[in-house]
Structures are given as structure tokens and as C-alpha cells.
Amino acid sequence: MLNASRNDLASAAMFIAFGSYFALEALRYDFGTPFRMGPGFMPVVLGGILVLLGVAVAIKGLNNPDEEAAPPWPWRGMALVLGTIIFFAATIRGLGFIPVVLISGFATALSSRRNTILSALVISVGLCVLCVLIFVVGLGLLVPWFGPWLRF
């Protein structure tokens, strides 16, 4: 069995995967030079930095094993957060901004076992108010508050 930190190696793998993906995708754009940067320059550089950070975290993880047993994976939280992202993307046009943000905020708040239904509702309403103020009022985002699926 490998005597290494499971958390550090998992984090390193994610850093390396995301950094590699974005750097390789950015190579499709004009790279330019440091003095005349093209649209692909910064994504390649930042992706490379993320890969190097991942390698550093992996080296640290190999030299520093976990002291205690690793906690179980938080499947409930991962499923709710990923499901919320998919839900948001699939229903924003049909339900509208306010219902989607309310439902998404509520489901995401419930991903933590520390939140009760009441605290998740308060978090959801607060998030919805902030999103309306920031995106609709502040930035002028042209999105219907209620979509065609919810005609009152």
C-alpha cells in the first residue's frame, strides 16, 4: 500500500487534470509573445502554473502520509452540488431566474449535513436576493425573473 496522503494526491490529480485540459484547449488560439499576448497566452500560462502546483502538491503528499484514517467521501454533497449545476443549466430558460436560484440555493445548502431545512431556506432566499441585486439590477442581466413554464 502506498504510504501517501490520499487528500493531497486527489487534489494534485484534479489540479493536473484541469490545468492540462485548459492549457491544451488554449493552444488552439494564437499564443503570441509576452509583449504581444494572444488570446491563448494567459490560459496556457495559468494552466501550466496549475499543473506545476499539482505536481508540488503530489510531491508533498508522497512525502507526508495521512495521520488518521481518511474520512468517507461526501457523496450526498457531491451529488446535490453537481445535480444543482445540471438543474440550473437545464431550467434557467424555462423556470426563470428567481425560481432556479431559489431551488438551486436550497439544494446546495442541503448538501451540508449541518444545515437544517429552515437554514437552507434562509440561505436560499438570501442568495436569491443577492443574485437579483448583483446580476439583474447591478449588471443589467436581461433574464426573465419568471420563465414561460411559470406563467401566473
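Reply: Axes are lines fitted to C-alpha atoms, for helices over the stretch in contact, and angles run from 0 to 180 degrees between N-to-C directions. Helices are DSSP runs (H or I, at least four residues), numbered from the N terminus. This is a predicted model, in which local features need pLDDT of at least 70, side-chain atom pairs count only at pLDDT 80 or more, and totals for chains, interfaces and linings use all residues. Residues are numbered from 1 along each chain as its sequence is written, and side-chain values use heavy atoms, with hydrogens and water left out.

The part in question is helix α2, residues 41-63. With 23 residues, α2 reaches 33 Å from its first C-alpha to its last, close to the 33 Å expected at 1.5 Å a residue (the expected span is 1.5 Å times one less than the number of residues).

Its partner is helix α1, residues 6-26; the two axes come within 7 Å and cross at roughly 160°. Therefore α1 is roughly antiparallel to α2, a term for angles over 145 degrees. The crossing of α1 past α2 is left-handed, meaning that the near helix is turned anticlockwise from the far one by less than a right angle. The residues of this contact comprise 16 nonpolar, seven polar and two charged; Ala, Val, Leu, Ile, Met, Phe, Trp, Tyr, Cys and Pro count as nonpolar, Asp, Glu, Lys and Arg as charged, and the others, Gly among them, as polar.

Within α2, the buried residues are Phe41, Val44, Gly47, Gly54, Val57, Ala58 and Gly61 (buried means under 20% relative accessible area, with a 1.4 Å probe and protein chains only). The buried residues of α2 pack against α1, where contact means heavy atoms within 4.5 Å.

Key. Helix = DSSP H or I, 4+ residues; strand = E, 2+ residues; numbered from the N terminus. Parallel < 35°, antiparallel > 145°, perpendicular 65-115°, else oblique. Buried < 20%, exposed > 50% of the residue type's maximum accessible area, 1.4 Å probe, protein only.
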